[in-house]
Structure formats: structure tokens, C-alpha cells
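Student: I am new to this structure and would like to go through it step by step. Could we begin with the strands and then move on to the charged side chains?

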Amino acid sequence: MKTVKVNVVTPDGPVYEADVEMVSAKAQSGELGILPGHIPMVAPLQVGAVRLKNGSNTELVAVSGGFLEVRPDQVTILAQAAETAQEIDVQRASEAKRRAEERLTAKQDNIDFKRAELALKRAINRLNVTQNKY
């Protein structure tokens with residue numbers, strides 16, 4: 001079966017690089033499925049998991065926003081932050097989730113609710129990727 005080269009890159013460097021049969025990602029306009037030979041496009045990404053399918057194997061990469069660039073033979077994901085399931089520290093993600101939930105329920109005037117909501121989304125996404133919930 002045909003494959004497409006996928007690169008997931010953050011400001012800290014490359015996170016993932018492989019040839020896969022299909023890429024699925026959550027863009028701001030909706031869910032995208034990309035196969036080899038896809039038309040060129042650029043799309044902003046939401047916080048979510050990028051699913052990389054190769055045969056019966058599916059790998060997950062947690063991304064915290066960014067952009068997806070598609071060419072017929074290559075997909076590049078430029079993410080603000082990204083981690084493979086194996087790299088995620090579950091305890092740290094659980095603590096981040098707990099802290100974000102506390103901030104959201106505190107009802108204090110000095111809390112930035114948008115920032116706390118985004119932190120909660122990122123933590124839940126990281127936990128879901130480690131538990132293969134996508």
C-alpha cells in the first residue's frame with residue numbers, strides 16, 4: 001500500500017518521523033483524513049490527537065495546536081507542543097489536569113479562565129493519548 005511521509009515538529013525539535021498509510025487530525029474546521037496523494041493544503045489544528053495508521057497499527061501523537069501542511073507525498077505538523085504516547089508522563093499530566101480543574105472551580109477574580117480551560121484540554125488530551133482513547 002502507498003505511504004506518505006509524516007513529520008511532527010515542535011520548537012524543541014522533531015517529535016515523530018515515519019511513513020504511514022493514513023493521517024487523521026483534528027483541524028479547526030473539523031476532522032481531517034489524509035491519504036497519500038492528497039491535494040496540497042494548510043490547516044490550523046486544535047488540541048487533540050494525531051492518529052497515524054500503518055497497516056493494523058495506529059500510533060497516537062498528542063498535539064497542542066499548531067498547523068498541518070499537506071503535500072501529495074508529505075505531511076508536516078508544526079505544533080506548539082507534541083508528544084508520542086510513550087513520551088507522556090502520566091503523573092505529570094494528571095497533576096496538570098487536577099490543577100486546571102481547581103483553577104476553574106475556584107471562581108477567583110485573578111484566574112484567567114481561557115488559559116485554565118486550555119490547560120485542562122491539553123492535560124485531558126495527553127491522558128487520552130496514553131490510554132489510547134481515540
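Student: Which residue in β6 does R51 stand opposite?
Tutor: R51 stands opposite L60 in β6. Please keep in mind that the model is predicted.

Student: How many bridges pair β5 with β6, and in which sense?
Tutor: Strand β5, residues 41-54, pairs with β6 over 13 bridges in the antiparallel sense.

Student: What lies between the two strands β5 and β6?
Tutor: β5 and β6 form a hairpin with 2 residues between them. In the turn, G55 has a positive phi of about 65°.

Student: How do side chains point along a strand in general?
Tutor: In a regular strand, side chains alternate between the two faces of the sheet.

Student: Let us go to the start of the chain. How are β1 and β2 joined?
Tutor: A hairpin joins β1 to β2 through 2 residues. Strand β1 covers residues 4-10 and strand β2 covers residues 13-20; they run antiparallel and are joined by 7 bridges.

Student: Which residue is the bridge partner of V9 in β2?
Tutor: The bridge partner of V9 in β2 is P14.

Student: Back to β6 for a moment. Which residues make the nonpolar surface patch?
Tutor: V42, F67 and L78 make that patch, which has an area of about 300 Å². Of these residues, F67 lies in strand β6, residues 57-71.

Student: Why does F67 count as partly exposed?
Tutor: F67 counts as partly exposed because its relative accessibility is 47%, and that class lies between the limits of 20% and 50%.

Student: New topic: how many salt bridges does the structure hold?
Tutor: The structure holds 7 salt bridges. One of them is formed by E69 with R71, where the closest N and O atoms are 3.2 Å apart.

Student: Are E69 and R71 buried, exposed or partly exposed?
Tutor: E69 is partly exposed, at 27% relative accessibility. R71 is also partly exposed, with a relative accessible area of 41%.

Student: Why can such side chains pair at all?
Tutor: Side chains of opposite charge can pair when their charged atoms come close.

Student: What does E95 form a salt bridge with?
Tutor: E95 forms a salt bridge with R98, and the closest N and O atoms are 2.7 Å apart. Both residues lie in helix α1, 3 residues apart, which is about one turn of the helix.

Student: Which side chain does R98 meet at 2.5 Å, N to O?
Tutor: R98 meets the side chain of E102 in that salt bridge. R98 and E102 are 4 residues apart in helix α1, again about one turn of the helix. Taken together, E95, R98 and E102 are linked in a network of salt bridges.

Student: How accessible are the residues E95, R98 and E102?
Tutor: E95 counts as partly exposed at 33% relative accessibility, and R98 counts as partly exposed at 35%. E102 is partly exposed as well, with a relative accessible area of 45%.

Student: Finally, which residues gather in the patch of positive charge on the surface?
Tutor: That patch gathers R92, R99, R103, R115 and R122. The elements giving two or more residues to the positive patch are α1, residues 90-106, and α2, residues 113-130.

Student: Which element gives the most to the positive patch?
Tutor: α1 gives the most, with 3 residues.

Student: Where is R103 found, and how accessible is R103?
Tutor: R103 is found in helix α1. At 39% relative accessibility, R103 counts as partly exposed.

Terms used. Residues are numbered from 1 along each chain as its sequence is written. This is a predicted model: local features need pLDDT of at least 70, side-chain atom pairs count only at pLDDT 80 or more; totals for chains, interfaces and linings use all residues. Side-chain values use heavy atoms; hydrogens and water are left out. Patches are made of residues with over 30% relative accessible area and no salt bridge: like charges are joined within 9 Å, nonpolar side chains (Val, Leu, Ile, Met, Phe, Trp, Tyr) within 5 Å. Accessible areas come from the Shrake-Rupley method with a 1.4 Å probe; for residues, only the protein chains shown count as cover. A salt bridge is a side-chain nitrogen of Lys or Arg within 4 Å of a carboxyl oxygen of Asp or Glu. Lys and Arg count as positive and Asp and Glu as negative; His and the chain ends are not counted. The place of a charge is taken as NZ of Lys, CZ of Arg, CG of Asp or CD of Glu. Buried means under 20% relative accessible area, exposed over 50%, partly exposed in between (1.4 Å probe, protein chains only). Two strands pair if DSSP finds at least two bridges between them.
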